[in-house]
Amino acid sequence: MGSMRKIRGYKTELDLNNRQRTACAKHAGTARYAYNWGLRRKIDAYKAMGKSPTAIELHRELNALKKREFAWMYEVSKCAPQEALRNLDQAFNHFFRRVKLKKQGKLKGAVGFPRFKSRKRGRGSFRLTGSIHVFEDSIQLPRLGRLRLKERGYLPTTGVHILSGTVSERAGRWFVSIQVEEEVPEPTPAKSEPIGVDRGIKALATRSDGIVYENPKALDKAQRRLRRLQRKLSRQQRGSRNREKTRHRIARLHYRIANLRRDTLHKATSDIVAKTKPDNERP
């Protein structure tokens with residue numbers, strides 16, 4: 001069996017102390033500010049001259065402004081604002097691609113002009129490049145130093161080339177994902193009869209051979225609880241502490257529901273893939 005080079009992502013939760021949480025929040029805030037600043041500059045430049053600056057041009061301008069206007073950016077890695085501006089360029093590339101498809105009649109719905117990032121949607125994320133080292137129980141990132149991982153041995157420590165690392169926050173929890181280039185075996189073709197899968201509403205999916213994958217009871221229970229919390233949120237006064245507490249509970253519940261769905265789909269797809277393998281290749 002041959003092998004091939006493949007770009008793959010690994011994501012796991014971080015185990016941060018208060019100082020590290022503050023440092024990650026500063027990086028995320030800087031990335032969000034740089035993205036919003038770049039978006040405003042692009043919009044203003046296009047209105048004035050009919051052309052918007054690239055990420056490289058914006059980064060040069062931002063560096064020139066740092067000493068007198070954005071000195072607080074020196075407290076974080078230079079990668080945070082730089083990569084945020086690159087993300088902005090990618091957002092515009094996707095926007096123009098969708099505009100082209102819309103004109104060709106190949107796209108329905110909105111084309112999705114890049115939006116300003118709001119703190120209300122969470123602290124956000126930031127991407128780092130450069131010297132990144134992975135250990136069994138921790139990861140070392142530029143400017144942030146060595147951060148502990150909640151799950152030992154999941155991130156690859158050898159045999160891969162690390163391209164970047166992204167730190168993100170969701171529902172009060174911090175995660176790190178690394179993009180790596182690694183050698184993987186070439187996939188083997190399926191040798192059994194094909195299986196049809198029909199996704200449903202009451203059940204997750206039904207296979208053509210009669211096997212039914214049910215939605216987990218925990219997911220239904222969590223969704224009912226989410227609806228109750230959302231009704232409660234709509235009745236609470238905007239800006240109140242109780243409303244903010246409810247909003248955080250909803251964010252944590254959204255995260256739990258997403259994990260339940262991901263776990264159920266993973267189990268179902270793993271079972272379907274295993275069905276297509278010959279008996280001597282099944283685990």
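Reader: Leaving aside neighbours within four places in sequence, which residues is I162 in contact with?

Author: In this predicted model, I162 is found in strand β6, residues 160-170. With neighbours within four places in sequence set aside, the contacts of I162 are I132, V134, Q179 and V180.

Reader: In what order do the seven strands of the open sheet stand?

Author: Strands of a sheet pair through backbone hydrogen bonds, either parallel or antiparallel. Here the pairing is antiparallel. The seven strands form an open sheet, and their order is β2-β6-β7-β1-β5-β4-β3.

Reader: Which strands stand at the edges of that sheet?

Author: An edge strand has a single partner strand, so one side of it is left without a neighbour in the sheet. This applies to two strands, β2 (125-128) and β3.

Reader: Which residue in β4 is the bridge partner of H133?

Author: Strand β3 (residues 133-134) and strand β4 (residues 138-141) run antiparallel and are joined by two bridges. They form a hairpin with three residues between them. The bridge partner of H133 in β4 is Q140.

Reader: Is R143 buried or exposed?

Author: The place of R143 is in the loop between β4 and β5. Its phi is near 70°, a positive value in a residue other than glycine. The relative accessible area of R143 is 53%, and exposed means over 50%, so R143 is exposed.

Reader: In which loop does A171 lie?

Author: A171 is a residue other than glycine with a positive phi, near 55°. The loop that holds A171 is the one between β6 and β7.

Reader: Which residue in β5 does D15 stand opposite?

Author: Strand β1 (residues 3-15) is joined to β5 by two bridges, and the two run antiparallel. The residue in β5 opposite D15 is R148.

Reader: At what angle to β2 does helix α1 run?

Author: Helix α1 covers residues 18-49 and lies across β1, β2, β5, β6 and β7 (173-185). Relative to β2, helix α1 runs at about 90°.

Reader: Is N36 buried or exposed?

Author: N36 is found in helix α1. Leaving aside neighbours within four places in sequence, N36 is in contact with F116 and K117. Its relative accessible area is 18%, and the cut-off for buried is under 20%, so N36 is buried.

Reader: At what angle do the axes of α2 and α3 cross?

Author: Two packed helices are described by the angle between their axes and the distance between the axes. For helix α2 (residues 55-69) and helix α3 (residues 79-103), the axes come within 9 Å. α2 passes α3 in a right-handed crossing. The axes cross at roughly 145°.

Reader: How do the residues of the contact of α2 with α3 divide into nonpolar, polar and charged, and which residues meet?

Author: From α2 come A55, L58, H59 and L62, and they meet P81, Q82, L85, R86, L88 and D89 in α3. The residues of this contact divide into six nonpolar, two polar and two charged.

Reader: How far apart in space are V99 and K26?

Author: V99 is found in helix α3 and is partly exposed, with a relative accessible area of 22%. In sequence, V99 and K26 are 73 residues apart. In space, C-alpha to C-alpha, they are apart by 35 Å.

Reader: What geometry does the aromatic pair of F70 and W72 have?

Author: The whole structure holds nine aromatic pairs. One of them is formed by F70 and W72, at 6.1 Å centre to centre. F70 is buried at 6% relative accessible area, whereas W72 is partly exposed at 34%. The planes of the pair are 70° apart, and the geometry is edge-to-face.

Reader: What geometry do the rings of F95 and F113 have?

Author: F95 lies in helix α3 and F113 in the loop between α3 and β2, 18 residues apart. F95 is buried, with a relative accessible area of 13%, and F113 is partly exposed, with 41%. The ring centres are 5.1 Å apart and the planes stand at 85°, so the pair is edge-to-face.

Reader: Which residues do ring pairs link into a cluster?

Author: F95 and F113 both belong to this cluster. Its members, linked by ring pairs, are F92, F95, F96 and F113.

Notes: Residues numbered from 1 in each chain as written. Predicted model: local features only at pLDDT ≥ 70, side-chain atom pairs only at ≥ 80, totals over all residues. Heavy atoms only, no water. Axes fitted to C-alpha atoms, helices over the stretch in contact; angles between N-to-C directions. Helix = DSSP H or I, 4+ residues; strand = E, 2+ residues; numbered from the N terminus. Left-handed = near helix turned anticlockwise from the far one by under 90°. Contact = heavy atoms within 4.5 Å. Nonpolar A, V, L, I, M, F, W, Y, C, P; charged D, E, K, R; others polar. Buried < 20%, exposed > 50% of the residue type's maximum accessible area, 1.4 Å probe, protein only. Pairing = 2+ DSSP bridges. Phe/Tyr/Trp six-rings, centres within 6.5 Å; stacked < 30°, edge-to-face > 60°.
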